[in-house]
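Try each task before you look at its solution.

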Amino acid sequence: MTDASVGGVTPPQLPLALFMGDFNVGKSALINALLRRETVLSTREESRALPTFVARSAQREARYVALPRDRSGLEAKSHEEFMEVRRDVGGACPYGAMGAALPGGPFSRLVLVDTPGMSSDLSESVRLSRLPGQESVLFVAVADIEYWSARHTLDFMAHHHELFGGAMLIVGNKADHLNAEEIRRIRDKAPVRLERYGIAPPPRFFALSARLELARGLPHNEYRRRVKQEVRELCDGDFDALRVALYEFEAAQSAESGCQSFKQLLQTPLATALIQTPEVSAV
Ligand SMILES: Nc1nc2c(ncn2[C@@H]2O[C@H](COP(=O)(O)OP(=O)(O)OP(=O)(O)O)[C@@H](O)[C@H]2O)c(=O)[nH]1
Ligand SMILES: [Mg+2]
């Protein structure tokens with residue numbers, strides 16, 4: 001085990017749900033859908049966003065921050081500025097990670113961590129290594145449901161299943177692109193497919209749609225109306241089940257107070273590893 005803590009001090013851990021997967025699979029849309037608001041950038045293009053920690057705030061105003069690569073203190077940002085920060089391929093971006101602290105929201109302690117998708121032109125294959133304090137991390141592997149069992153995705157899942165074991169969920173997103181029969185077939189076969197690949201016991205697999213969920217509170221939403229009712233019901237059901245799984249994880253973590261500030265949160269070993277990705281953590 002490597003000591004990735006900063007200055008030898010490992011701050012107490014808040015429970016974290018870490019969303020990882022290929023670019024464009026809907027990791028950010030999923031986080032926005034869970035939070036029921038457009039907090040992080042979700043876009044058709046590869047986002048090149050930085051790792052982003054979204055936490056609950058006790059204050060009334062939402063707060064956004066950027067952590068410089070040299071860790072020289074946090075910089076406050078407006079939401080607009082926060083959405084615009086991008087990782088540059090040449091490495092010029094001065095920041096390593098972003099943070100958002102939101103008042104209210106569905107989770108009281110669970111921090112949702114968005115990560116940049118594995119980039120196509122950098123041919124990255126991001127792999128985390130074992131981290132101190134990772135017991136408080138739930139690994140959420142996100143994939144496009146149509147390609148979830150591609151070899152590189154299964155390899156990625158197998159690697160992190162070894163690290164996180166039972167603290168792992170799999171999301172097959174964009175199920176709104178399929179018909180009900182296809183969704184059921186993929187969902188029912190997923191455990192067998194995972195076990196055959198050596199990912200055992202298989203993590204829970206959720207077939208859902210962040211896009212449908214984002215529109216769920218809007219009764220006359222055109223897109224929801226266009227999607228067949230059976231598909232909508234399957235997606236809504238699995239999204240609810242995902243929410244429950246996250247609540248259960250949060251509730252199972254010890255109630256000790258975790259990090260009190262972004263500064264602490266962004267200095268945890270996990271944050272350190274993500275900030276260094278891909279230069280250090282990629283293999
Ligand atoms: N049809 C459909 N489109 C979706 C869904 N979820 C996300 N999208 C779309 O997929 C595209 C990528 O979504 P993002 O949320 O930016 O995906 P990401 O995984 O965060 O991408 P990177 O940050 O680039 O890694 C956007 O155009 C979204 O609107 C879904 O459930 N259904
Ligand atoms: Mg994203």
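**Exercise 1.** This model is predicted. How many bridges join strand S8 to strand S9, and do the strands run parallel or antiparallel?

*Solution.* Find S8 at residues 168–173 and S9 at residues 204–207. Four bridges join the two strands. They run parallel.

**Exercise 2.** Check the span of helix H3, then work out where its buried residues lie.

*Solution.* Start with the length. H3 covers residues 151–164, which is 14 residues. At 1.5 Å a residue the helix should span 20 Å. The end C-alpha atoms are 20 Å apart, so the two values agree.

Next, list the buried residues: Thr-153, Leu-154, Phe-156, Met-157, His-160, His-161 and Phe-164. Viewed down the axis of H3, they fall within an arc of 155°, so they line one face of the helix. An α-helix has 3.6 residues a turn, so residues three or four places apart point the same way. Arg-151, His-152 and Glu-162 are exposed on the other side of H3.

**Exercise 3.** Describe the shell around ligand 1.

*Solution.* Begin with the residues that come nearest. Of the 22 around ligand 1, these are Gly-26, Ser-28, Ser-42, Ser-47 and Gly-117. Then sort the shell by type: six residues are nonpolar, 10 polar and six charged. Last, look at the helices. H1 (27–35) and H5 (210–214) each supply at least two shell residues. The largest share, three residues, comes from H1.

Note on methods:
Residues are numbered from 1 along each chain as its sequence is written. Chains are lettered from A and ligands numbered from 1 in the order in which they are written. This is a predicted model: local features need pLDDT of at least 70, side-chain atom pairs count only at pLDDT 80 or more; totals for chains, interfaces and linings use all residues. A residue is near a molecule or strand if its C-beta atom, placed from the backbone, lies within 6 Å of it. Ala, Val, Leu, Ile, Met, Phe, Trp, Tyr, Cys and Pro count as nonpolar, Asp, Glu, Lys and Arg as charged, and the others, Gly among them, as polar. Two strands pair if DSSP finds at least two bridges between them. The expected span of a helix is 1.5 Å times one less than its number of residues. A residue is buried if 20 or more other C-beta atoms lie within 10 Å of its own, exposed if 12 or fewer, and partly exposed in between; C-beta atoms are placed from the backbone. The arc is that of the directions from the helix axis to the C-beta atoms.
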